[in-house]
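Good morning, colleagues. Please take a moment to look at the model before I begin with its charged pairs.

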Amino acid sequence: MVKARSAPDVWMIVSISCILAIGLVMVYSASAVLAFHEFGDKFYYVKRQSIFAVLGIASLLVTMNADYGIWKKWSRPALFICFGLLVIVLIPGIGVVRGGARSWLGISSLGIQPSEFMKLAMVIFLAKLLSEKQQTVTLFTKGLLPPLGILGAAFALIMLQPDLGTGAVMVGASLLVIYTSGARMAHLGSLAMIGVAGFVGLILAAPYRMQRITAFMDPWADPLGAGYQIIQSLYAIGPGGLVGLGLGMSRQKFNYLPEPQTDFIFSIVSEELGFIGGGTIIILFAILLWRGMRAAISAPDTFGSLLAVGIVGIVAVQVFINIGVVIGMLPVTGITLPLVSYGGSSLTLLLTALGILLNISRYSR
């Protein structure tokens, strides 16, 4: 089928640009105090974020102009490479431990997180597999089990790091692709019950995860321990009010709120820019997700449609979990806010994925 290419979705480009620009400003504002204290340079984090943003934009421009069909050809090799990286990162002496998880490859502050690559590789692979096997996707053994087995193997490797947050994002986006491809709700519902039981088992198997659950239920029961992060996050959000304390005027970033430039950057946004600032970011994400789903619905082939759904799913699940944690609606997990939080490999990979989504929008019918 000949695909007619047009200009990329302008709404999507504007929303991505605005979120990225706000993110760079807020990374500096949230991290300046911490960066000066740790490195003697208040621009330490924002300089690195800017470098990865430039790399990510360059990658976005490439993927936005390259026919998304090429990812169908490279889906299997990319998945194999990502599985290899997930195995290598578990080897002591090679994988770097940060934040209690052996999930990084690299030297010093420079490194990549293989699980971030796996999120994108998995949705590309599933989009190819399920677009070619739509006739069997309603069959449990032949259609549903193979993709779920591959997904389960990737999730198991990520959990060995351990990194429940990234694994949850990958599983959430992948299940959205599987559901959209036509899998039966009866099959998915039955597996969901098994998944919930397994999820509970993972929580019970690790005491720190159980502490996060109890802290979520009542953070003030342990205000200096498991409940500390969420309490400090709420202390940041509350005083922000409607318009905030003003850009750069956060109090919680003075070593009260842990990880103000990464997991809890939305708390600083709400403190400094208030409900208006936080609401603006949510609206921008809503526009991005709306236009992404529009591209999925109007894609010229099944592969493009499923791939767009997967990329939208990665963003949507991550935004939902991060903001849910920050406002106390979900237990604490190590999930960053897409395009806003500090993080090199996650920012670059996400911009690459959004470039693919923009390319799909160029072929909308």
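I shall start with K47, which is partly exposed, at a relative accessible area of 42%. Please bear in mind throughout that this is a predicted model. K47 pairs with D41 in a salt bridge, and their closest N and O atoms lie 2.8 Å apart. In total, the structure holds five salt bridges, and I shall discuss two others.

One of them joins E132 to K128, with 3.2 Å between the closest N and O atoms. These residues both belong to helix α4, residues 114–132, and because they are four residues apart there, about one helical turn separates them.

Why does Q261 count as buried? Its relative accessibility is 4%, and the cut-off for buried is under 20%. Apart from neighbours within four places in sequence, Q261 is in contact with V27, A30, S31, L34, Y45, S341 and Y342.

Finally, I turn to helix α5. This helix spans residues 140–159 and bends by about 25° at P146. Its buried residues include G143, L144, P147, L148 and L151; A154, L157, I158 and M159 are also buried.

Thank you for your attention.

Technical notes:
Residues numbered from 1 in each chain as written. Predicted model: local features only at pLDDT ≥ 70, side-chain atom pairs only at ≥ 80, totals over all residues. Heavy atoms only, no water. Bend = angle between axes of the 7 residues up to and from the residue. Helix = DSSP H or I, 4+ residues; strand = E, 2+ residues; numbered from the N terminus. Buried < 20%, exposed > 50% of the residue type's maximum accessible area, 1.4 Å probe, protein only. Contact = heavy atoms within 4.5 Å. Salt bridge = Lys/Arg side-chain N within 4 Å of Asp/Glu carboxyl O.
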